[in-house]
Amino acid sequence: AIESGIWNSRPADEEKEVETTPEVCDNTPDIIQVAILETVRAHDEVDAALVHSIASQPNVNLTLYQSGARYGSEKIFHAFGLNYTGPLNPDDFMGTDKHTTIPDFLVLTTSELALRQAPKRLEALLAQGKTRLICIVHHADHWAEEQRKADIRPWVDANMIEFWTLSPHTATFLSNTIAAWDSNADEPWDNPPAPPIRVFVPIFPVTAPNTTTTEQTNQDLSFAMQGDYDPHRRDYKHIFERLGNFLAEGERNVSMHLLGQGRRPSVPENVASHVFFDQSLSYVQFYGLLSKVSAVLPGFASHEYLDRKASSSVPAALIAGTPLVADRALLAAYAYVEEESVWLQEDGENEFDVVGRMLSASAEQRAEKSEHAKKNAQRIIQGNIRRVGEWFEEGIVDLYCGGGSEEEEEEEEE
């Protein structure tokens with residue numbers, strides 16, 4: 001079943017929550033051992049969110065195994081000021097002649113690949129029966145593949161696994177996918193598979209750059225577009241025409257930042273000085289740039305980012321504290337984004353109609369919208385810490401007390 005929690009907790013919400021006391025037994029350890037294993041050079045931002053949420057737990061000893069930090073992400077990790085071990089080479093995790101503390105929880109950041117890159121080590125962990133596996137899900141549809149089910153089935157049968165998806169809509173898609181496992185299996189499951197499915201929002205704190213009043217005034221009339229420079233994804237002729245129209249209205253100094261990769265489109269001379277191509281930025285530069293604009297256009301490559309894939313553009317905007325241009329389909333899929341935190345695209349509008357409204361808004365209205373986005377992100381960050389702690393408490397009880405205590409078993413026999 002999908003874990004049903006709120007992502008954006010406000011004081012009024014907390015009052016409504018029903019307090020539940022987790023099961024307690026004498027076997028649980030005082031310190032929970034957690035390892036994050038990232039076997040490929042990818043998803044640094046997800047690693048960052050995991051490290052921040054997990055290392056913030058007072059009763060957790062965290063070790064990070066990471067193939068290599070990209071784009072200066074180690075500076076983001078260092079700024080957290082949290083205690084954990086790593087990053088260590090992934091080969092050091094249960095490697096030959098390596099001493100590894102067997103973790104209570106092993107988090108696979110890129111689980112779709114890690115399951116096939118470290119099969120013997122995972123088999124050894126499962127055989128010991130002392131570790132609960134947490135699979136971070138990037139592509140919910142991949143879990144319908146027969147080989148993927150075969151990789152994960154022993155862990156599901158042992159009730160030693162849970163899935164953390166990166167958005168509510170991917171949790172729903174994964175839940176439906178797993179529900180079909182039993183009916184499509186050549187070898188029927190003894191029990192219908194029902195591993196826990198959580199929603200973990202990959203958001204973490206970053207330090208916003210200092211800006212002068214003059215810089216902020218200029219940045220108030222700027223916006224950013226994310227995505228590869230692909231003419232099949234975006235109509236750049238129309239985009240530059242709309243930018244030209246914005247510039248002509250009241251002689252405003254509007255600027256547009258294109259964050260992506262690929263072959264740059266040709267820019268008309270009349271808007272060339274207002275178009276900036278931002279490529280190969282470090283994470284500090286990337287979030288710093290996003291924090292200075294007044295709107296971000298996410299630019300999804302396909303509709304799949306609204307039903308089975310989680311976009312990195314949505315959490316990136318919140319991390320930077322910048323409002324997205326979003327329609328109601330995006331708000332429904334990424335339900336952790338509050339409507340007050342976006343420039344809402346109504347029915348019949350395109351994204352540049354919304355940019356026009358943003359540019360026509362007052363400086364105070366733009367500042368208020370940005371403040372909503374910052375507070376939205378902060379609530380999610382605090383919610384992540386709270387929920388991860390709750391999930392670990394639930395999991396550690398299942399791990400150490402799932403069979404019931406000896407006293408309980410004796411009482412049942414009597």
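Me: How many cavities of 30 Å³ or more does a search of the whole structure find?
Reply: This is a predicted model, where local features need pLDDT of at least 70, side-chain atom pairs count only at pLDDT 80 or more, and totals for chains, interfaces and linings use all residues. Residues are numbered from 1 along each chain as its sequence is written, and side-chain values use heavy atoms, with hydrogens and water left out. A cavity is a set of points, on a 1 Å grid over the protein atoms alone, where a 1.4 Å probe fits but cannot get out, and its volume is the space filled by probe spheres set on the points, which are joined across faces, edges and corners. With a cut-off of 30 Å³ or more, the number found in the whole structure is one.

Me: Which elements give two or more residues to the lining of the largest cavity?
Reply: The lining residues, meaning those with an atom within 4 Å of a point, are D44, E45, A48, S73, I76, F77, F204, Y283 and Y287. Helices here are DSSP runs of H or I with at least four residues, strands are runs of E with at least two, and both are numbered from the N terminus. The elements that give two or more residues are helix 2 (44–55), helix 3 (73–79) and helix 11 (283–292).

Me: How many of the residues of helix 2 are buried?
Reply: A residue is called buried under 20% relative accessible area, exposed over 50%, and partly exposed in between, using a 1.4 Å probe and protein chains only. Among the buried residues of helix 2 are D44, E45 and A48, which also line the largest cavity. Helix 2 is mostly covered, and the count of its buried residues is 12 of 12.

Me: Is S311 buried or exposed?
Reply: S311 lies in the loop between strand 11 (296–297) and helix 12 (313–320). Leaving aside neighbours within four places in sequence, S311 is in contact (heavy atoms within 4.5 Å) with F300, Y305 and Y334. Because its relative accessibility is 8%, S311 counts as buried.

Definitions and conventions:
On a 1 Å grid over the protein atoms alone, a cavity is a set of points where a 1.4 Å probe fits but cannot get out, and a pocket is an open set with protein on both sides within 12 Å along at least five of seven lines; lining residues have an atom within 4 Å of a point.
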